[in-house]
Every structure is written in structure tokens, then in C-alpha cells.
Amino acid sequence: MLLVEILVYAALAASLIIPLLASMGREMSRAILVVSWAGVLSFTLASLTLLFAGKPVEFYSGLVSHDSFTALILVGASLSAILVLAAVSLDAYRWPSHPAFYSLTLLILFGVFYLAGARNILMVAASWLLVSVASYVTIALPGDRDSRFAALRYVYVGAAATLLIALWLSAHVYAGGGDLSSTYFTVLPREPLVSLALTAALAAFGFKLGIFPFHWWLPSVYGRADGRPVAVVAGIAKLGFIGLTVRLLVESFSGSYEAALILAVLSALTMTYGNVAALTTTDLQRLLAYSSIAHVGYMLAAMAVALSALDGQLLKLALAGIALQSIAYTTAKTPLFSIVADAGRDFERELKGLLAGDRAASISIAILLASLLGIPPLLGFWGKLYMFIPIAKYSLILLAIALANSGVSSAYYIRALRNITASPGEAPGRLHDTYRLSVILGAFITIVLGLIAPLALILFL
Amino acid sequence: MSGAYDPLMPWTLAWLAPYIGAAVIALGWLLKVRSERFYGYTSVLSILASSLISTYAAYTVFSRGRPLYSGGDVLWVPWLNITLGTYFDGLSALMSLAVSWISLMIAVYSVKYMEGDWGYGRYFFFFTFFVGSMMLLVLADNLVLMFIGWEGTGLCSYALIGHWYTDEEDKWVGRPGRSALGTPMFFEPSHSGVRAILFTRVGDLGFILGIAILYVTAGTFNIVELAGGAPAWMQTLASKGVLTPLLVIFILGALAKSAQFPFHEWLVTAMTGPTPISALIHAATMVKAGIYLFLRFTPILFTGALALKASPEIFSLVASQLEQFFIVVALSGALTAFMLATMALVSDELKLILAYSTASQIGYMFLAAASAGILVYSGTIETLVEGVVAGFSHLVSHAVFKAALFLIAGWLIHVAHSRFIDQMGGYSKIKLTALALWLSGLSLSGIPPFSGFFSKEAVIHTALAANTLLGLAAIVTAGLTAAYTVRVIVRVLHIPPYSGHGRHKVEEAPLTMLAPYLLLALASLAIGLLWPSMAGIYSRMGALTLSIGELVHLEALALSGSTALTLLVIAASIAAVLLLYFTFKVNFPALLSRGGLYAALHDFLYDRWYINPLIYLGFVNGGDRVTRRVEEVDNGIDALYHSVIPSTGSLSAWSLRALHRGRTDYYLALYILSALVMLFLVLALMR
């Protein structure tokens, strides 16, 4: 698939050209935007090509491989990049680090291609570091106090997580007899040392995804930093980690009852923690941060099913659910995180009565929140449905917990919605055009994909 | 029955015409027609059409000597085989005649009586709709159609009792402020309307359940088919030992509709409606629906049992259960007749006395037919016909004189500006009204040669034949009836009012109001004078009635010792009343204020044997208590949803968020700690 490689390299090239263009003066800002769009669209094209390839595609002698699941993940990351770029447009140019945002977004996108498709431990390490470091820096880019502190926290905890991933890698090297070139993840032997490695992996991936009890940093970073870099980290980078985690788990622990049980317990704790913590907040960004934890909880439940599933159909359904949910998550979260930076975060004050000032944006926000809640026929509904069906076969208790959590989440989504549609406190707010465009585009994608999502099953079944 | 059905028209119009009239009235109301005449005349004309068709139908039935059955082949609900059939046999033909003509009289009276009323159009809509429903329930060939008419009359009754739903005090029933056992004993129109529909609803539940069980057992709703298959379905039910309870449940609706004990309470307070309504619905027609249903089914049950005589064991099984059923009904009838007559003795509200009297007289009718039923073991078709005819002839007599009495009451209340008889008096100067009151009152008292005498005599005769005690109860009640009736007549016509009240201008009613009640009062005399011919007609009716079909020659009057005894009791009680008022000139209010046994007895009867308070304490207050308990539970659930869950939620949300204090070292420490805990857990699990 030379075409895909060229398109992905084009994204990397765009990322690298941007600093050069920036050095040519401020008047190049439009050119930077055009190059950014070119990079993002090129990557999107690569993702779609993979998606419609109809079979798994290998790169670099199998070190990287993409099947329909990871292709969907890449499509989700592309959509997120499109939405965030649409929202931010030229705004990031005002930041002290002006061209870095565009460059790093593309770099993260590039890294996600390797992260989601990695089949080799060294590839994992390399792409992990690429995406992580780029993410840390991205959070700090706006330069305000909150963003800088958030980035600092992210780096600190992230460094600890990276150490743990090194531990996990060495366990694999040990189990594989020192072979660093294998293109599959070894099934680890049951030894205390390996248990240590497994815990290390759990803690490291848990850190990246925000799984309880490794999520401590997340509300602080997602909830306090500027919303636009958060949109990149939560929308693009996170999808790469989801893709990698699913592949690792399925290949290393397939059929392991214990691993599935651990994941199931963690999933229940994670979704409950996220939903309960989000309940009473009036801060939209913080609400989104906690609900991100909850969403990972749902996905984790589906991953538990994927591990335990001896039935191939069930595994595929669970994977379809995770992929659709990832896309639903990212198409909703990216514009929502972005608009917080524009319109304000308190939905009982700044966002209250937005409907009166900005009908199209408000309705779009409503659609995105409804999709996160899982209202049919929006994309979020199909994601949850395809995840919950296999969960029902795995454990009714887990399903009940997931459904109850979904019910609890309606409380805060609807509260946010009610405030947005309430009569305005003072002068009704209005989004800036690029942010409006992003949120409307997000809603449009959510509806359209929601309508064709049932067909997506064909890719898997 | 011949195989072919009579044509749908014009017979269906007997019940359809008033419905059409009601629809036209409703349309007029929608189009905001202001003319009162439009509503009144539409009603009168549509009821006139119904009366004429009923008359023609009755003539046809009696002249050709077989029932008239139209529309039996017109399917309405095909999968349940429910037809739109109109069935005139001896019983329903005469019943429809009585209903339609008396309704017509009262409609004419109402045109004048309701003049200027703010609910004129509404009044005539429900009035006309009522007549249609009543005719439908009389003429329906199946139980479903009958039930629709049945419920239609209930609905109209509710609306008309509460006609003056703004509840002005002069429209109440009972003395304002009076209470018994802590329960208020006065009722506003809106309250009375609700009472009526709730009391009868209890019975109707039984009725509809009975209809369903009959359908399941007999496989049909059609009354003619039910009659034909009676031996079979009665045997089925009797063999399971459920014939008695089923029939009791089935007839509950009839007992409730006809205000028999323990359902009589709704009727007495129904007097909050306009007086013509009391005359029409709560005296002459609707309350007769229950006894009509009973008269309709008594022959079916009786002959159904007789048909099983060929196999003595089965007959004995069925007859014993049937006998139990008829005993229950007879006791209810006798008890109602007696109990309500005692209440009428002391009541001081004119319409209330008439209402008590109505329930009491209907008790007679149930007693008559049920007494025949009790004799199912030894009885023959003659026994049956005697009982049914006694019940039906008393129904007709009562409808005529009670309608007259109510219409007179309407005028007297208007004249006195009060519903209390102690505030009336000296009205003998309005001669024609006084004459009408005497005529209809004597008929109610059972004085020869009025119709009431003959029909009541027949009832007592049948009751005595069934059981001496039942007969004696009927005779005692006859004495009480004469006493309270004469008391009212004397009180209202011949002595001055107790209080200074009643100094209003006393004059005759306008012709359109006077004529109906005078005619009815005269009719009550005429029917009595023509009793030998009437007996002939009733014999023919029996022969033409479903499940009888055999001509039984009835004696116009079988004079016996009981007749003499009854007349003696009646004469004695009338004499007692006259003596108390004219010779001893007893001042009853003064006597009452002295207290003692008389006052205690008075209060017991005045407060209706405390049955209303007991019903309220048991059912209404009991229900209220249950409601309050449920409300407490509901409050608990409410608190759970609105306080406990939200506060738990916000507290947990707050405490979870409190963990994220924004300190980097703290996050790092938590992260490492979590990883260590997880390590131990994984080690434990993976071992």
C-alpha cells in the first residue's frame, strides 16, 4: 500500500514544513493553515483507503499492520483532526508558540498511525514516545497558567507511566528469548515478574486512557487546560492508545478469564467514577473530562468481553462497538472541548441560554451531547448498542452496571442541555464562526454516521 | 320466533329517535343556538316519535300475537356476533310504552319548568339522551347493547343530578349542617352526582362480570338465545355449584340501579337534580331499569329450570341454587321496602319522602317476582306469570302515580320556595293540584279503586304464597306507606305551615305543567277503574313474553283474608295520622325538641338507619386512610428521588472531585500507590 504510506508521509511532511514556513514571518499564517489542512486531509485519505482496502494491510514487513478495526480508529482520529482544525483555524497563531499547534497536531496524527497499528514492541515504544511527548507539549501551547500547570502534571505522571511501559517491554523481551524483531505480542508466561510487567502495562495504558485508578491526572489536564489542545489529546492521541490497547489485550490475553475479570471490575469502577463525579458540576469542560473517564469505562467493558470471547462473532461485535464508540466519542468531544475555549465553560452562566443567541450551534451541541448519551439514531447509540450486546452475553451484572451508568449520565447531559436551552441570564452568547462550523460539522457527522453505522457492521461480520 | 326478522325501520327509531334528537340538540349547542324553544321542542318531538313508534309496535305485537324482532340479522360486532336488534315482546313492548309516554309528559312539563335556567340546552341534551338510552336498554336484543343503554342512563343520571353543579344551598338535599356519627348528612348537587355514579358503578361491575361469565358459559350475548339455551347453561353453572353466586353478581347491577339495599343511598341524595328529573329518572324510568332486567330474566331462569324437570336430579340441583338466588333478592326487596318506608315516615323534605317511597315501592316489585322464583320447586307457569305480572303491574302503577307526585312536588316547592314540608301548608286552595295530589297519593297508599291498590295487592298475594314472613313484611310496609303518604298530603294541603314560612302567593301551575301531573293522576285512577281489562292485557303480555309464551288467565283481584288484613292495616294507619293531626293536633317539631325516645327514634330514622355514615366510615374513610398511607409511601418515594438520591449524588460527585486538588506530587503519589495496589491484586489473582 504505497499510496497509504505516501499520504501518511505527506502528513509528516506538512508537520515538518510548518516550522519552516513560520520562520518566514507572520504573514505565512494562512499558508500554514493551508498546509495543515493538506496534511490532515492527506491523512484522512490514507485512513479511508485502509478502511476500504477490505483486508488487513501490512507496512514495514509487518511491523505495522492495519485491519478494519484500526482503520476505523484512524478515521476517527482524522475526523477529530478535521474538527479541531476547523474550530481553531488561525486562533492558535495568537499563542506564544504560534506555529507549533499545527505542526504538533499533524505529528500526533502521524504517530497515531504507528501507535494504533504497531505489531512490534520497539514500534510500540517509539510511537508511544512520539505521541506522548507531542501531547505533553501540545497541552502547554496556549501559554496560560492553567495550561502550563496542566502540562507539567501531565509530563510528571506521564514520565512515570513511560517507565512502567519500559518494564512491560522488557518482560516481553524476556518472554520472547531476547528477540526484538517479532511481529506479534508474545503470550506472557505466568510468573511473578510477569505479573509485575502486566501491572505495569495496565498502569501505563490506564494512565493514557484514564482508567480508574490511574486516571488521577485526567480531570486536572482535560478539565483545566485550554480546551483546544485538550481536544487534540482527547480526540486524536487517545484514539491511537485505544487502538493499541485493544490489539495488545486481544493478542496477549485472549481467553484469559482473570484478565477479563480484572478489566470488567476496572470498567465498572471507571464508568461509575466518571459518571458520579460528573453529576453536579456546572463546568462543561470538567463535565466532558469526567465523562471521558466514563466512556473509557464502557469501552473497557467491551474489551473484557473481547478477551473472554471464544465466539468470533461476539469478538467482532465488541470490536465494532469499540470502534464506533471511539468515533462517536471523538466527533462529539473534539468540537465540545474546542467551544469551551471560545464561549466559556460554565453552563449556568456563560453558556446559559445559548439557544437564544445561537440556534444552530445550540442544536448541534444538543445533538453531540445526545450522541454521547446514546440517543438513537445518533452514532453514540450504535456504539453503545454494539458494545452492550456482547456485554449482555458476557455478564448481565456488568450490563446492568453499564446501563445504570448510562442512566446516571443522562442527569448531567440533560442538565447541561437544559441550561443551554434555558432563557438567557444576560445577553445571549454566540460562538465565533469557526467554532460554530466545527460544532455543526460534528453534529452533521454524528447524524450521518449514525444513519449509516448499522452498515459498518458489514466490515466486521 | 319465526325465522325472518322484521325490517330495521321504523322499529329501531323507537330508541334511535331520541338519540337523533340529542344529536340535533348537541349540534344546536355547538352552533350556539340561543332559542330555548329549539332545545325543548326538539326533545319533545323526538320523544314523541319514539312514543308513537312504541305504541305502534305494542299494537303490532298484541294484535298479531307474536314478538316483533327487527335488526337481529344486522351485525354490529361480527366476531362477538353482536347485533343491532330491537326486540318487542309482551314485556318490552309495554315497558317501552310506559317509558316513552311518561318521558313525553315530563319533557312537556320541563319545557316550562326549566324556562330561564342557565343550563337549559344541557338539560335537554341529557334528558333526550337519557330517553334514548332507556329505550335502548328496554328494547335491546342482546346484553351488550343493553349495557350500552344501561350506562347511558347512568351517565345522564349523573349529569342531571349534578345539573346545578354550582351547588347553591337551595339545591341541596338534607338539612345543612346536620351530621350523623360525624358524617355530614347534607349533599350538594355535585357531590350527589358523584355518589350516584359511584354507588351504581359497584353494581355495574357485577353486571358486566355476570355478562362476561354468561357469554363464556352460554356462548352468546343474545337474550333470545340465552333464553333458549337456559337449561343448558344453568345446568353447567349449577353442576359447578356457582349458579347462585353468578346470578347474584349478575343482578347486582339491577339492585344498584333500582336503589335496593345496600345500594339505596344514591337515590335519596339524587333529589338534588331538577324535580322533573327526579320524576323521570329517579321515579318513573331509570330506577325501573333494574327491576326490568330482573323481570326480563326471571322467566328465563324459571322456565329454564322447569325444562329440566324430566331429569329430577338435575332439576333439583338447579332449582335449589335458583331458589337461594331468589331468596337473596326477595330479602333485599322486602328489607328495602320496609326500611325506606320507615325513613319516609319522619323525613321533612318533600322530594326526599318521595325518593324513599320510590326505593320502597321498587322493593315491592323485586319481592313480587322473586317470590314467584322462590316457588320454582313446586311452581308452574301460572306461579311465574302471577309473580312477573304483579311486579310489572306495580311498576306501571308506580311509574304513573310517582311521576305525578314528583311533578306536583316540583310545583309545590316552587310555590313554597322551600323543599321542607313543614314550611308548606294550606295549599288546598289550589284545587286542581290538591286533587292531583290526593288522587296519586291514594294510589300510592293502596286505596281501592286506584291502580296502586290492585298492583300492591297482587304483590302481597305473591309474597304471602312464597313465605308468610315476606308477606307480612309487605303488609306492614303497606301500612307505613299509607301513613307517610297521608301525612304529606295533610301536612301540605290541610294544615298551616309550622313556621311563619309559606306566606307566598299560592296559585295553580301553568297549563303545560298542570296538565301532565293531572293527567297522570287521573290515569292512576283510570287504570284502577279499568283493572279487569288491565288484567287481561297483563295476561296477554305474559303470553307474549320471552320464555313464557303461554296464556295464563289472571284473576283481576283474588280477594282473600290477606286483602282484608291489608286494607285494615292501611285504614288504621291513615286513621292514626288523621287523629294525630286533626284530633290531637300534635305539634311534632315541639315534641321533637323535648328529646327522649321519640327523638331518638326520629333521629335514627331521619339519619337513614345510620347506613350512610356507616358506608362513609367503612368505605369512604377507609379508602381515605388507604389513600393517605399510599400518599406517605409516595412521599417516601418522592423524597428518595428528590432528596436522598440527588443529595447522595451531589455529595459523591463533590467528594470524588475533591480528590483532584491540582497538586502534581499528589497525583504522582496516587498514581504510584494505585499501581502498587494493582500489582498485589494481579499477583493474588494470577497465582
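Q: What percentage of the 461 residues of chain A count as buried?
A: In this predicted model, 61% of them count as buried, where buried asks for 20 or more other C-beta atoms, placed from the backbone, within 10 Å of the residue's own. Residues are numbered from 1 along each chain as its sequence is written, and chains are lettered from A in the order in which they are written. Local features need pLDDT of at least 70, side-chain atom pairs count only at pLDDT 80 or more, and totals for chains, interfaces and linings use all residues.

Q: And how many helices and strands does chain A come to?
A: Chain A has 17 helices and two strands, taken as DSSP runs (H or I of at least four residues for helices, E of at least two for strands) and numbered from the N terminus.

Q: How do the axes of α5 and α6 in chain A cross?
A: The axes of α5(A), residues 121-140, and α6(A) come within 9 Å and cross at roughly 175°, the axes being lines fitted to C-alpha atoms over the stretch in contact, with angles from 0 to 180 degrees between N-to-C directions. The two helices are therefore roughly antiparallel, a label for angles over 145 degrees.

Q: Which residues of α5(A) make that contact?
A: Among them are Trp128(A), Ser132(A) and Tyr136(A), contact meaning C-beta atoms, placed from the backbone, within 7 Å.

Q: Switching to chain B, how many residues of chain A are in contact with it?
A: 29 residues of chain A are in contact with 23 residues of chain B, and α7(A) gives the largest share of the chain A side, eight residues.

Terms used: Contact = placed C-beta atoms within 7 Å. Parallel < 35°, antiparallel > 145°, perpendicular 65-115°, else oblique. Buried ≥ 20, exposed ≤ 12 C-beta atoms within 10 Å, placed from the backbone.
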